[in-house]
Amino acid sequence: MSLAPDVSDAESADGYHPLDIGTLPDYLTKISKCAAKLGGSASDWQVDEVGDGNLNLVFIVRGPDGSLVAKQALPYVRLVGESWPLPLKRAFFEHEALTTQIDCTPDLLPAVYHYDDAMALTVMEHLTPHIILRKGLIAGTIYPNLAEDISEFMAQTLFKTSDLYLSAKEKKRRNAVFCDNDELCKITEDLVFTDPYRIAELNRWTSPQLDDIAAGFREDAALKVAVQALKEIFMGRAEALIHGDLHSGSIMVTGTQTKVIDPEFAFYGPRGFDVGAVLGNLFLAYFSQPGHATDSNNRVDYGEWILTQVCAVWDGFGSKFLQLWETHGKGDSYVAELFSDPDGAVALAAHREAYIHKLFQDSLGFAGAKMIRRILGLAHVEDLEVIEDQDLRAACETKALLLGRALIVDRESYADIAAVVGYARQLQEGAEP
Ligand code: SR1
Ligand code: MG
């Protein structure tokens, strides 16, 4: 199937046209930095379209001297088709976010070689031999640096783009830029916080096994109130530049390296949405493990490793974020001069602990919402989708739904991440919660 859309006159007048494996080499020859990276000439370059995400074209180009990735936005949602238009300007926000995140923590992102606003195209480092983390979690691979790197990425980006670090003027300027990414925010507002809790055309779930629980969630007033409260936090709390889609498909890994990709959903929102995305997707991977078991590997130990990552991601993030605040808190909020006396210092330290605990509760709620949407909404996850036995898949999904609901409704009742992990383990082992 060709992904080339009927490009409207307005788009082509602005210089946009979707590239393909035939036209990309000619485009790249005119970008000297890219051409030099590849070496040789266009006829020597091998181009593959590898996009398996929901929205964009992604090409890998290999030349005699090196390789690169070209990512181009399509004017519609690839997963659904041209019936769902989507603005090309999301490429601008992705590039803005990527360069901001690179400023915060350069080692954890791909290098950017070229950006073309009219073509909605970014050319960047080809991460190789990295694979998508989600695929590694399905394969049962251990990543020793994962929690350290992801907690570092989140602490750095979610601290250094906030009022704790920036001047009020600079933070407001940056926030204003990203307010225009409203169409991508709307996708999240609908698909994460609303559609799974109502009859929506694009919803799907493992049926008939999950029919009753899906109907139960649509009638669950406590759940619907709690998830809409999270939606309001998502829409209204401009705490920091969040990645906005930090699931395990937006993280690439090797045995030693971690890189974060795809920040096109970025905007100034609540920090807990990113932290929750990581935790929620780790829990989805955890509950899918029985579906990946074989005669020689029941995947129990690997499931336990995932739970250690849940704890290490949260604990690592919390302590790194606090440390950054204590050592680099030069923004216009929490003016240091007000806390220079001993009482002030003690009060501020206590407040910081409470602040992190509130962020923990937000993160749990968002984790729950991200889990439920991947089982009852439009966009699902490979972790569960690859489980061929529908009854087994539904059993895995049911446990994930139960944890997701608890994280949303009871998010204020968990003392710490160990308590959450304990409940997840209880569900996995089939004990009465
Ligand atoms: C219509 S886009 C569906 C999902 O894909 C992206 O990765 C986001 O998670 C979005 O919600
Ligand atoms: Mg993506």
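## Ground rules

Residues are numbered from 1 along each chain as its sequence is written, and chains are lettered from A and ligands numbered from 1 in the order in which they are written. Because the model is predicted, local features need pLDDT of at least 70 and side-chain atom pairs count only at pLDDT 80 or more, while totals for chains, interfaces and linings use all residues; side-chain values use heavy atoms, leaving out hydrogens and water.

## Helix 10 meets helix 15

Let's start with helix 10 (residues 221-236) and helix 15 (residues 390-409), whose axes come within 9 Å and cross at roughly 65 degrees. Helices here are DSSP runs of H or I with at least four residues, strands are E runs of at least two, and both are numbered from the N terminus. Axes are lines fitted to C-alpha atoms, for helices over the stretch in contact, with angles from 0 to 180 degrees between N-to-C directions. The two helices are therefore roughly perpendicular, a label for angles of 65 to 115 degrees.

On the helix 10 side, A222, L223, A226, V227 and L230 meet R405, I408 and V409 of helix 15; contact means heavy atoms within 4.5 Å. These contact residues divide into seven nonpolar, no polar and one charged.

Most residues other than glycine have a negative phi, and most peptide bonds are trans. Two prolines are worth a look here. The T128 to P129 bond is cis, with omega near 15 degrees, and P129 sits in the loop between strand 7 (121-125) and strand 8 (131-132). S207 and P208 are also joined by a cis peptide bond, with omega about 10 degrees; P208 belongs to the loop between helix 8 (182-191) and helix 9 (211-218).

Positive phi turns up at A120, at about 55 degrees, in the loop between strand 6 (112-116) and strand 7. A120 is buried, with a relative accessible area of 2%, where buried means under 20% with a 1.4 Å probe and protein chains only. R299 has a phi of about 65 degrees and lies between helix 11 (271-288) and helix 12 (300-328); R299 is buried too, at 8%.

## Nonpolar cores

A nonpolar core is a set of buried Ala, Val, Leu, Ile, Met, Phe, Trp, Tyr and Cys residues joined through side-chain atoms within 4.5 Å. The largest has 100 residues, among which M154 and F283 touch the most other members. Helix 12 supplies the largest share of this core, 13 residues.

Not counting residues up to four places away in sequence, F283 touches residues including L307, V310, M371 and L403. A second, separate core of 26 residues includes F59, L74, Y76 and A91.

Methods
Angles under 35 degrees count as roughly parallel, over 145 as roughly antiparallel, 65 to 115 as roughly perpendicular and the rest as oblique. Ala, Val, Leu, Ile, Met, Phe, Trp, Tyr, Cys and Pro count as nonpolar, Asp, Glu, Lys and Arg as charged, and the others, Gly among them, as polar. Buried means under 20% relative accessible area, exposed over 50%, partly exposed in between (1.4 Å probe, protein chains only).
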